[in-house]
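Subject: Structure for your work, with notes on what was found

Dear colleague,

Here is the structure I promised to hand over, and my notes on it follow directly below. Please read them with the coordinates open beside you.

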Amino acid sequence: MKESLIKTCEFDWSEISPAIFGSIFQNAMDEQLRRELGSHFTSETNVKKVINSLFMDELWEEYNKSKRNPKKLEQLNNKIGQIKIFDPACGSGNFLIIAYRELRLLEYEILKTLREEDQIPIEHYFEGSLTKIKLKNFYGIEILEFPSKIAQVAMWIVEHQMNQKYKRKFNIDHVDLPLKSSVNIYNTNALQIDWKEILKPTDDVYILGNPPFTGKKFQTREQKEDVKKVFEGYKNIKELDYVSCWYKKSADYIEDTGISVAFVSTNSICQGEQCPLLWDILLNDYNLSINFAHT
């Protein structure tokens, strides 16, 4: 153990993605508990499929169109500083971690372009803050306390990594400690609360994540009660996978707003007997549309 610890300390961790903690946590969990809770680590590749189509591709396109216009670049930076990311099944925070990092990387390119063009003094631009993208704009719901603590620490780590990247490039002296901001993670059952009490629905919110799949045969009694409560008033809902509840809750949250949602989900909700059950509700009882999907 001593030799392992020494090797670990000698290793350069500066470029390691904090998202790795989610994988470590999943592999340390009891297999039966992992199945019941639907705790499945989402790879960075699949997380980026979600966030790129949901908002990053559009933001990068806006950046490329604004490269020669300092005012538009500043407006874009202010815009991404207002974005709020909400994962209502956040686990150990992979979606929040990677979404935060990708937004910071875009901001990095914006600031680099501004400085290289001598368009604005970076020190003046920050006005005492190293970034406009704040941890307080990231929200999550997680039923277990331990993975939520992992997410909290991992967000501080990725924030520190990005701060170091900024400091190396822009030569700005910035003190990271004490930690003044933190991600907003609530330890509760996401299906038993009103999400609007956690985060007011506004058009700068994006909902994303990988909720537990859990087919009807594997649902616990409590999970079956959750399904019944979320789909109260609808028939044949016992056939639905547990993940369907997050779609229904999202529909309630985003109706009459410009908010977009993207979830990693089991393919059973878009084929076979579940398809007409879930999508008839989402597309006919709400004014919603499907913007994109990945297989």
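**Salt bridges and their surroundings**

Glu-44 has a relative accessible area of 29%, so this residue counts as partly exposed. Please keep in mind throughout that the model is a predicted one. Glu-44 forms a salt bridge with Arg-101, and the closest N and O atoms of the pair are 2.6 Å apart. Because Glu-44 lies in helix H4 (residues 44–66) and Arg-101 in helix H6, this pair ties together parts that are 57 residues apart in sequence. Arg-101, for its part, has a relative accessible area of 15% and is therefore buried, the cut-off for that class being under 20%. The pair also belongs to a network of salt bridges, in which Glu-44, Arg-101 and Glu-102 are linked.

How many salt bridges does the count come to? By the rule applied here, the count comes to 11, and two further examples are described next.

One of them joins the side chains of Glu-61 and Lys-65, with an N to O distance of 3.4 Å. Both residues lie in helix H4, 4 residues apart, which is about one turn of the helix. With a relative accessible area of 44%, Glu-61 is partly exposed, whereas Lys-65, with a relative accessible area of 67%, is exposed.

The other joins the side chains of Arg-221 and Glu-222, which meet in a salt bridge at 3.6 Å, N to O. Here Arg-221 counts as exposed at 62% relative accessibility, while Glu-222, at 48% relative accessibility, counts as partly exposed.

**The protein as a whole**

The protein contains 11 helices and 5 strands. Of its 295 residues, 46% count as buried, and the protein exposes about 16,100 Å², of which carbon and sulfur atoms supply 49%. Among the contacts with a separation of 6 or more, 80% are accounted for by residues 24 or more positions apart.

Is Glu-107 buried or exposed? At 0% relative accessibility, Glu-107 counts as buried, and this residue is found in helix H6, which covers residues 94–116. When residues up to four places away in sequence are not counted, Glu-107 touches Asn-77, Ile-80, Thr-131, Lys-132, Ile-133 and Tyr-166.

In helix H9, which covers residues 221–230, the residues Gln-223, Asp-226, Val-227 and Val-230 are buried. Seen down the axis of H9, its buried residues fall within an arc of 95°, and they therefore line one face of the helix.

**Cysteines**

How many disulfides does the structure hold? The structure holds 0 disulfides. Cys-275 is in no disulfide, and the nearest cysteine sulfur, which belongs to Cys-270, is 6.7 Å away, a distance to be set against the cut-off of within 2.5 Å for a disulfide. Cys-275 counts as partly exposed at 25% relative accessibility, whereas Cys-90, at 5% relative accessibility, counts as buried.

**Two residues with positive phi**

Two loop residues may deserve a look when you go through the backbone angles. For Thr-214, phi is near 50°, which is a positive value in a residue other than glycine. Thr-214 has its place in the loop between strand S4 (205–209) and H9, and with a relative accessible area of 9% this residue is buried.

For Asp-256, phi is near 65°, again a positive value in a residue other than glycine. Asp-256 is found in the loop between helix H10 (244–254) and strand S5 (260–263). In contrast to the buried Thr-214, Asp-256 counts as exposed, at 75% relative accessibility.

How values were computed. Residues numbered from 1 in each chain as written. Predicted model: local features only at pLDDT ≥ 70, side-chain atom pairs only at ≥ 80, totals over all residues. Heavy atoms only, no water. Buried < 20%, exposed > 50% of the residue type's maximum accessible area, 1.4 Å probe, protein only. Contact = heavy atoms within 4.5 Å. Arc of directions from axis to C-beta. Areas by Shrake-Rupley, 256 points an atom, 1.4 Å probe, with all protein chains shown as cover. Salt bridge = Lys/Arg side-chain N within 4 Å of Asp/Glu carboxyl O.
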